[in-house]
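Here is my note on the model you asked me to look over. Have it open while you read, and take the points in order.

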Amino acid sequence: EKDGHDWFMRKEIFEQPRAVADSLLGRHARNGLLQLDEMRLSDQELRDIDKIIIIACGTSFYAGLVAKYAIEHWTRVPVEVELASEFRYRDPILDYSTLVVAISQSGETADTLQAIRHARLQRSKVLAICNTNGSTIPRESDAVIYTHAGPEIGVASTKGFLTQLVACYLLALYLAQVKGTRYGDEISEIMHQLEAVPDQIASVLSRSDEVYELARSHVGTRSVLFLGRHAGYPVALEGALKLKELAYIHAEGFAAGELKHGPIALVEEGLPVLCVVPPRGRDQLHEKMISGIQEVRARGARTICLAEEGDTSIEPYADHLIRLPKVPVLLQPLVAVVPLQLFACELATAMGHDVDQPRNLAKSVTVE
Ligand code: F6R
């Protein structure tokens with residue numbers, strides 16, 4: 001049942017190329033247009049949307065943070081991302097032109113369910129991104145985009161997260177198509193880049209031994225920091241969450257630009273800092289990330305850098321380098337999170353923990 005793996009989680013990590021491919025299947029029509037069959041909102045309803053609020057918990061919340069970058073960039077519709085457990089209590093501003101997007105792998109998370117009930121009472125449309133057919137959240141939503149990860153059994157979400165990202169990109173591109181904020185050939189080009197991702201994830205997985213060895217050398221580590229920028233920032237948060245929940249190690253993710261505003265005080269000799277390096281591009285993200293890495297290293301941190309193939313500028317500042325396939329910055333989370341999942345899974349295994357059933361956690365959290 002675990003396909004020869006020791007844990008469901010590890011099996012599910014290795015299923016990710018297929019899960020991503022399945023979640024893309026049938027979305028890109030021959031005429032180049034995107035189609036979302038379960039999108040029960042009309043084009044007119046979508047054109048009327050002037051604000052999006054994404055609500056979710058945990059790993060699904062981090063998928064929402066990535067979605068914000070993609071949706072705002074491609075559609076110019078403002079996006080807020082909110083923890084479901086906080087949403088109702090701040091008296092959010094909602095009306096019929098607000099689209100609330102609820103992201104939930106299980107479709108049963110109580111905090112998320114209560115949040116969408118609140119949104120619907122305020123006349124907002126609710127779209128669910130969900131992996132579980134017929135579960136409560138999609139049943140109580142106006143529309144749904146199903147992810148096709150297959151059942152996720154390990155308590156820690158892996159393929160669920162990747163397929164949520166895919167659904168978020170599809171939603172963003174579909175909205176761009178309907179609202180006309182992006183041209184068809186640009187949308188097609190991004191779809192082709194997405195369609196190349198399953199093979200790219202497979203290539204990351206083919207080098208898992210290297211990550212495992214690194215993970216095993218961290219048994220006994222008490223604290224790990226994760227840094228990222230732009231879409232790599234939520235990846236840093238997700239890498240830290242995986243380590244907390246599986247290895248019970250103190251881990252924190254930061255936006256690299258925030259370091260100097262406080263967290264850099266945590267850096268001491270030998271502290272492992274995992275850095276998600278953005279692809280080199282026209283913006284200054286890459287250079288700024290490198291300077292952040294230099295700063296922590298100058299203070300004794302041991303830097304583990306995830307950087308795209310061919311990026312040699314990172315070499316002098318990386319104590320350990322994990323190569324990522326070349327993808328645009330907005331899609332980079334799909335490949336960058338994979339080594340972080342492998343790292344947490346292997347380190348927890350080496351520490352003797354039950355990876356599939358971490359202490360104090362349940363697969364679906366049906367209490368608020
Ligand atoms: C972390 C994890 C949790 C869930 C969260 C939301 O690995 O699995 O943080 O992501 O409890 O669950 P869903 O997506 O089912 O609403």
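The points below go through the sheets, then a helix, then some side chains.

1. Before anything else, keep in mind that this is a predicted model. Whatever follows describes that prediction.

2. Start with the sheet that holds β1. It is an open sheet of five strands, and reading across it you meet β2, β1, β3, β4 and β5, with parallel pairing. The edges are β2 (79-83) and β5 (143-146), each of which pairs on one side only. Neighbouring strands here are turned by 20° against each other on average, direction ignored. As background, strands of a sheet pair through backbone hydrogen bonds, either parallel or antiparallel.

3. Now look inside that sheet. Strand β1 (residues 51-56) pairs with strand β3 (residues 98-104) in the parallel sense, over five bridges.

4. Strand β4 (residues 125-130) is joined to β5 by four bridges, and the two run parallel. Here C130 stands opposite Y146 in β5. In general, the side chains of a regular strand alternate between the two faces of the sheet. On β5, A143 and I145 point one way while V144 and Y146 point the other way. Are these four buried or exposed? All are buried.

5. There is another open sheet to trace, again of five strands with parallel pairing, in the order β7-β6-β8-β9-β10. Its edge strands are β7 (250-255) and β10 (320-324), and each pairs on one side only. The twist averages 20° from one strand to the next. Strand β6 (residues 223-228) pairs with β7 in the parallel sense over six bridges, and S223 stands opposite H250 in β7.

6. Which residues of α12 are buried? They are L285, H286, M289, I290, G292, I293 and V296. Seen down the axis of α12, these buried residues fall within an arc of 160°, so they line one face of the helix. The general rule is that an α-helix has 3.6 residues a turn, so residues three or four places apart point the same way.

7. On to the rings. The structure holds two aromatic pairs. F61 and Y62 form a tilted one, with 5.9 Å centre to centre and 55° between the planes. Both F61 and Y62 are buried.

8. Two arginines sit over tyrosine faces. R10 lies over the face of Y212, at 5.0 Å from the ring centre. R359 lies over the face of Y248, at 3.8 Å from the ring centre.

9. Why is R18 called partly exposed? Because its relative accessible area is 48%, and the partly exposed class lies between the buried cut-off of under 20% and the exposed one of over 50%. R18 and Y62 are 44 residues apart along the chain, and their C-alpha atoms are separated by 21 Å.

How values were computed: Residues are numbered from 1 along each chain as its sequence is written. This is a predicted model: local features need pLDDT of at least 70, side-chain atom pairs count only at pLDDT 80 or more; totals for chains, interfaces and linings use all residues. Side-chain values use heavy atoms; hydrogens and water are left out. Two strands pair if DSSP finds at least two bridges between them. Axes are lines fitted to C-alpha atoms, for helices over the stretch in contact, and angles run from 0 to 180 degrees between N-to-C directions. Rings of Phe, Tyr and Trp (its six-membered ring) pair if their centres lie within 6.5 Å; planes under 30 degrees apart count as stacked, over 60 as edge-to-face and the rest as tilted. Buried means under 20% relative accessible area, exposed over 50%, partly exposed in between (1.4 Å probe, protein chains only). A charge sits over a ring if NZ of Lys or CZ of Arg is within 6 Å of the ring centre and within 35 degrees of the ring normal. The arc is that of the directions from the helix axis to the C-beta atoms.
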